[in-house]
Amino acid sequence: MSGLGLKVQVFENKRLGLNDTPRSYKFTKVASYQAEFCQWGCDFDDDGGEDGYGNFSVAIVKLADGTVEMPRADMIQFIG
């Protein structure tokens, strides 16, 4: 199945404020932009940030101006 041409809504995490534990923030997903889905891919995090180390799935998407981005798979929603 080719995903080329399917539209997706891409989300980003927006920080709301602190949780009960020190240096721990609450986040919510907010719509950021729409794009054209191209295919699935894989990326990695090696900085040990909030999600730790490791590989994760991404969606390879193309914006209207031709820019290609790779949001995490859990940060997109197919819209038609």
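Me: What share of the residues counts as buried?
Reply: Of the 80 residues, 20% count as buried. The term applies under 20% relative accessible area.

Me: Why is Phe37 called buried?
Reply: Its relative accessibility is 4%, and the cut-off for buried is under 20%, so Phe37 counts as buried. Phe37 lies in strand β2.

Me: Why is Lys14 called partly exposed?
Reply: Lys14 has 47% relative accessibility. Buried means under 20% and exposed over 50%, with partly exposed in between, so Lys14 counts as partly exposed. Lys14 is found in strand β1.

Me: Which residues is Lys14 in contact with, leaving aside neighbours within four places in sequence?
Reply: They are Lys26, Phe27, Thr28 and Val30; contact requires heavy atoms within 4.5 Å. For Lys14 and Lys29, 15 residues apart along the chain, the C-alpha atoms are separated by 6.2 Å.

Me: What elements make up the protein?
Reply: There are five strands and zero helices. From the N terminus on, the order is β-β-β-β-β. Among contacts between residues at least 6 apart in sequence, 41% join residues at least 24 apart.

Me: How many salt bridges does a search of the whole structure find?
Reply: The search finds two.

Me: What makes Lys62 and Glu36 a salt bridge?
Reply: Their closest N and O atoms are 3.9 Å apart. The cut-off is within 4 Å, so the pair qualifies. Lys62 lies in strand β3 (residues 54–62) and Glu36 in strand β2 (residues 25–45), so the pair ties together parts that are 26 residues apart in sequence. Lys62 itself is partly exposed, at 35% relative accessible area.

Me: What makes Arg72 and Asp74 a salt bridge?
Reply: The closest N and O atoms of this pair are 2.9 Å apart, and the limit is within 4 Å, so Arg72 and Asp74 form a salt bridge. Arg72 is partly exposed at 26%, and Asp74 is partly exposed at 43%.

Me: Is Cys42 buried or exposed?
Reply: Cys42 has a relative accessible area of 55%. The cut-off for exposed is over 50%, so Cys42 is exposed. Cys38, at 24%, is partly exposed.

Me: How many disulfides does the structure hold?
Reply: The structure holds zero disulfides. A pair would need cysteine sulfur atoms within 2.5 Å.

Me: What is the average pLDDT of the protein, and which element has the lowest mean?
Reply: The average is 85, and 80% of the residues score at least 70. Among the elements, β1 has the lowest mean pLDDT (87), while strand β4 (residues 68–69) has the highest (97). Where pLDDT is low, the predicted coordinates should not be read in detail.

Definitions and conventions:
Residues numbered from 1 in each chain as written. Predicted model: local features only at pLDDT ≥ 70, side-chain atom pairs only at ≥ 80, totals over all residues. Heavy atoms only, no water. Salt bridge = Lys/Arg side-chain N within 4 Å of Asp/Glu carboxyl O. Helix = DSSP H or I, 4+ residues; strand = E, 2+ residues; numbered from the N terminus. Buried < 20%, exposed > 50% of the residue type's maximum accessible area, 1.4 Å probe, protein only. pLDDT = per-residue confidence, 0-100.
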